[in-house]
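Dear colleague,

Please find below the structure that I am handing over to you, followed by an account of what was found in it.

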Amino acid sequence: MIPRDQHNLSRKQISHGALRVLYGLKDAGFRACLVGGAVRDLLLERRPKDFDVATSATPEEVRKLFRNCRLIGRRFRLAHVIFGPEIVEVATFRGTGTGGDDGNGTGDRHVVDGRILRDNVWGTIEEDALRRDFRVNALYYDIADFSVIDFVGGIEDLEQKRLRLIGDAATRYREDPVRMLRAVRLAAKLGFTIDPVAEAPFDALGSLLADAPPARLFDECQKMFLAGYGLASFRTLVRYGLMKQLFPGTARALAQDDSGALRAMIERGLAGTDTRVADGRPVTPAFLFAVLLWGEVATLAAKLQAEGTVRSLAWQRAAHRVMAEQGKRVAIPRRFGYAIEEIWALQPRFAERTRKRVFRLMAHPRFRAAYDFLLMRADESDALRESGEWWTRAQELSPDELSASLGPRPPGAPAGEAAAKPKRRRRRGGRRGKAADTRPDTQE
Ligand code: ATP
Ligand code: MG
C-alpha cells in the first residue's frame, strides 16, 4: 500500500463523474476504488481516456444508488453511471471461484475449453486484482484513504515500462485471446515492452483469435487504430505476427509487397489518422479499413480484369469478396462497409480527365475521402503521384478555370462550365461550387 503522500495521484486529476461515483459508493458503506487504465495512466502522468471504478457493491446495488445508471453486458455484467457526456464504468470485484449461485441469483462463471465465456462471480478486492490482465492494470486508488494499492507488482512494471501478465501466460490467453491484442495495444500506446514471457505464446496461441467474437475485434481495432497511436499499434502487430490473425488478406498482401509500397501507404494512412486525433479532428473507421485492405482488393481487382471482367464490375466483385472475407474476423458495421467500397470504387476514376468526368467525380459525396486516399497511394507509381498533383491543382481552380484547363470546348458550347451544362446539371454544378468551400473533412 502506497500512502497518499508517497504517490503523485491526486483527486484533482479524477473526473467529476468518477469522484461522484467513488464518494457515493463509499458513503453508502461500500468499498470503492479507481482502477485499471486510469490509475496506470495517472501514475504515468498521462491523461486517462476514461475512468473505471471497482467496488464491493453489486450492479443492482450500484443502480439503486445512482439515478443515472444502466446495467450492461452479459459476459461481464457491469454498471454504467452517466454524467452528461461522461460514462463511468463500475465493475463489482470479481472472485476466482468456480461459480454457482451466490445467493441472489447473479453469480455465474462459465468456462469452456479454458475460455471464460461469462465472468460474474463476485469476490474480494485481492481476488479482483488477480483476474485482471496485466500487472500495471491491477492498481487501485482507494477513495477511503487516497492510497494506491498494488497487490501484484504493478508499480515495479510501471517503473520498468513493461507489460507482465498476472498468472500463467498461456492460461490467461486461453481464457481470453483478446488479451494478446490488449498487450499489443498497451505496448503501442504506452511505449512499453511486452515481457518475453507474455510474448512467447503469441505464435502458438494467436490463432485462438479466430474464435473471438468479430464485433469485439472491431471494438478492439477501433481502440488500436483510432485512438491516436494507430501507427505504433500496426507496427507492433506486424512485429509480433498478429496481423495475420486480424487481417489475413492484408498480411498476405504485405508478404508479397517487395517494393514496400503497400506498407508505406498503410503507414502513411495511419500516421495521418494519428495526426487528426492529436489535432482533435474526427476520424472514421471507414478510411482506415479502406487503407488496411487496399493491397488485397487492388490485387484481386487487377486479377479479375486480367481475366476479362470489365473494370467497374471487377472492382465491385473484388470489394465484395474482400469485405465478406474480412467480416468473418472483424465485424465492420454495414454503414462503414458502404463507405469503404465507395472510396475504392472511385480510385480508377481519377485516371479520367475528360471535362464531364472530372466535374462528375468532384461532385461525388465521397470525393474528398477518395482524393485523400489517392494521395496516400502516391508511392505506387509516378503516374499516381502526377495524378494526385493534378487533382490537387484541379481543386484550387474555379470551375471556369478548371473547365478552361481541360482543353477547348466543343464548338458552339457557351463559355463557362456551369453554362455548358443542361439545366439539371447546372444545379448540381452550383451545389458542387458550394461543397468545395464547406468541404467536409475527409474522414467524417
Ligand atoms: P484504456 O486506457 O485503453 O482504457 P484500460 O486498461 O483502462 O485501457 P479497459 O478496456 O478500459 O482498458 O479496461 C479497464 C481495466 O479492466 C483494465 O485495466 C484491466 O484491469 C481490466 N480488463 C479489461 N479487459 C480485460 C481482459 N480482457 N482481461 C482481464 N482484465 C481486463
Ligand atoms: Mg479504461
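To begin with the strands, two of them pair if DSSP finds at least two bridges between them; strands (E, at least two residues) and helices (H or I, at least four) are DSSP runs, numbered from the N terminus. The model is predicted, so local features need pLDDT of at least 70, side-chain atom pairs count only at pLDDT 80 or more, and totals for chains, interfaces and linings use all residues. Residues are numbered from 1 along each chain as its sequence is written, ligands are numbered from 1 in the order in which they are written, and side-chain values use heavy atoms, with hydrogens and water left out.

Strands β8 (residues 139-142) and β9 (residues 147-150) pair in the antiparallel sense over four bridges. Aspartate 142 has serine 147 in β9 as its bridge partner. Four residues lie between the strands of this hairpin, where phenylalanine 146 takes a positive phi near 60 degrees.

Ligand 1 is surrounded by 18 residues, each with a heavy atom within 4 Å of it. Among the closest are Arg40, Asp176 and Arg179. Polar side-chain atoms of aspartate 176 and of arginine 179 each lie 2.8 Å from a nitrogen atom of ligand 1. The protein buries 87% of the 590 Å² that ligand 1 exposes when taken alone (Shrake-Rupley method, 1.4 Å probe). Helix α7 (178-190) gives the largest share of the shell, four residues. The shell has 15 charged residues, three polar and no nonpolar ones, where Asp, Glu, Lys and Arg count as charged.

As for confidence, pLDDT (the predictor's confidence in each residue, from 0 to 100) averages 90 over the chain, and 90% of the residues score at least 70. Residues 101-106 are below 50. Where pLDDT is low, the predicted coordinates should not be read in detail.

Yours sincerely

Key
A polar contact is a pair of N or O atoms within 3.5 Å; within protein, one must be able to donate a hydrogen and the other to accept it, and residues adjacent in sequence count only if both atoms are side-chain atoms. Contact means heavy atoms within 4.5 Å.
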